[in-house]
Amino acid sequence: MSRIATVGRRWTLAVSLASGALLLAGGLGLAAAADAGFDGDSAAASVAADDEKKKRKAEKKAAAKAAKEEKRLQKQRRQRGKTVRAVVVPTEPASAPASEPAAEPTTVGEPSGAAPAAEPAAVKTVVAEPVTEPKPAPARAVATEPAARPTPEPVRTTPAPRREQPQAAERAPRPTRTSAPAPARGDFQLNERIRVAEVLLDVLVTDRKGNVIDGLGAEDFVVLHDGDEQEVTSASFYGGPSELSATGEGGTTRTDRYFILMFHDQRMQAPRLAAPQMDNARWLKRWIEEELQPNDQVAVFAYQARLKVYLDFSRDRDEILAAVDAAARGKRDLEPWTTRSEPEFDPNSPSLIVNLPKGKELARQSRKLQQALELLGEAASGIAGRKNLVMFSLGFGEIGQFGSYTPDARYYPQMREALNAGNVAVYTIDTMGSSRRSIASASLNDSLSLISNETGGHYYANFTNIMSPMRQVAEENQGYYLVSFRSEYEVGTQGYRNIKVKVRDGKYKVRSRTGFRYGEASGP
């Protein structure tokens, strides 16, 4: 009996222990579930708090950005009320009485279509009047006739001091010119230590398909120097199909395009280039015959150990075709004729020759291709508007030991600065086109790409014939903007500054030069 009682007690104890274990397990599970629920609620609350903080931070950032933008717009509106438009009013070539005593030169604001600075004899000055710029129309692609621009109020301005072109009075009177405005400098003293430079940039704006965009205003452009936004004072559009074919008579607006065609003759170094060069000349003459506009001005040069002059700016197609053929064949150039004190040139066209060295001095100063391009940039600086230098070349400079091109520090910076100061955009076209084979010559194309990018031009390498790149150059130069901005510098200093130009609407492509000269010796 005692043994049975012992077994019963043990069984009762086991059942009790099992029940306790089950109760303990259930309590721990409830506690864990409660903890899990608490942790889930805490995490949700934390995420909600973080979202609220991010939302408040984003709202504060947006409010600060809006306030900054409103402040910028208010500043531009205040400045726009002070901005004046510069118009050089052409007069008859007959002598006129002296104008009233000149006041202090007015800071140039928005430029407009007028006679070039190269013709000071046919210019008079009038009193400056502030004007308020109208709100710009929405940007649009130029397809047909552009809308007429309102005539700005004339102001007094002082033409930039440049090497003078032969005066109209010495020959037959020149017709009235209504092409791009004179690149007059508007530097003025801010205080005893700071001067402000008024800089003009020619800017191409196109959509993704290459169509020229019209209708932008000063507030649509951004000019950056070392990341700092500069004050843009004006932006005017020049060109369009109607202006490129207009005669300028009867008050119609006329715009001239300037093309400098240059053959880099490298047949002595690579005789196999003879056939491609002549083929390029054949297609170039076809482009001139079929697609050159009535107001297109063309000059023809070549480089072979020195700069060779074949034609100054002209609109005569027969002269242009003859000069292209002579330059491509390496015939004798016009250099002996440039030794005259007053070289003959088309009275309806500006002149590059008059601002180039003469005779043996021209050969001495252009022993390197970079020096020749520098001379052309300096000579073009006295001509108003954008100049397009189209150069046919395989490349220039030297290839380093690792097979890469490095600009020559002795010549390249001066060449780039002169071209940019003269508003000369370099379009380089590979002489070999799509048939280029040599790895060494392929490395030289970096020199062509670099100078094109830094002057607002473009480099063309892959094409069947040059009709394609020539058409692209002509199409994108159907219209451009002259953008004026201000930049400060210390009195008594001069130099070169790098800049970047863009538009606030990121869907447009912008092409412009990448720097400008400043200081007393900077020129226009």
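At the start of helix α4, a side-chain oxygen of D316 comes to within 3.0 Å of the backbone nitrogen of D318. The model described here is predicted. In it, α4 comprises residues 317-329, 13 residues in total.

**Helix α4**

- From its first C-alpha to its last, α4 reaches 18 Å, close to the 18 Å expected at 1.5 Å a residue.
- The buried residues of α4 are I320, L321, A323, V324, D325, A326, A327 and A328.
- Elements covering these buried residues include the strands β12 (257-264), β13 (296-303) and β14 (307-314), together with helix α3 (274-291).
- Just after α4, G330 adopts a positive phi of about 75 degrees.

**Crossing of α3 and α9**

- From α3, the contact is made by W283, L284, R286, W287, E290 and E291; from α9, by M467, M470, R471 and A474.
- The crossing of α3 past α9 is right-handed.

**Residue N355**

- N355 has a relative accessibility of 7% and therefore counts as buried, the cut-off being under 20%.
- A polar atom of the N355 side chain lies 3.4 Å from the backbone oxygen of A379.

Methods: Residues are numbered from 1 along each chain as its sequence is written. This is a predicted model: local features need pLDDT of at least 70, side-chain atom pairs count only at pLDDT 80 or more; totals for chains, interfaces and linings use all residues. Side-chain values use heavy atoms; hydrogens and water are left out. Helices (H or I, at least four residues) and strands (E, at least two) are DSSP runs, numbered from the N terminus. The expected span of a helix is 1.5 Å times one less than its number of residues. Buried means under 20% relative accessible area, exposed over 50%, partly exposed in between (1.4 Å probe, protein chains only). Contact means heavy atoms within 4.5 Å. A polar contact is a pair of N or O atoms within 3.5 Å; within protein, one must be able to donate a hydrogen and the other to accept it, and residues adjacent in sequence count only if both atoms are side-chain atoms. A crossing is left-handed if the near helix is turned anticlockwise from the far one by less than a right angle, and right-handed if clockwise.
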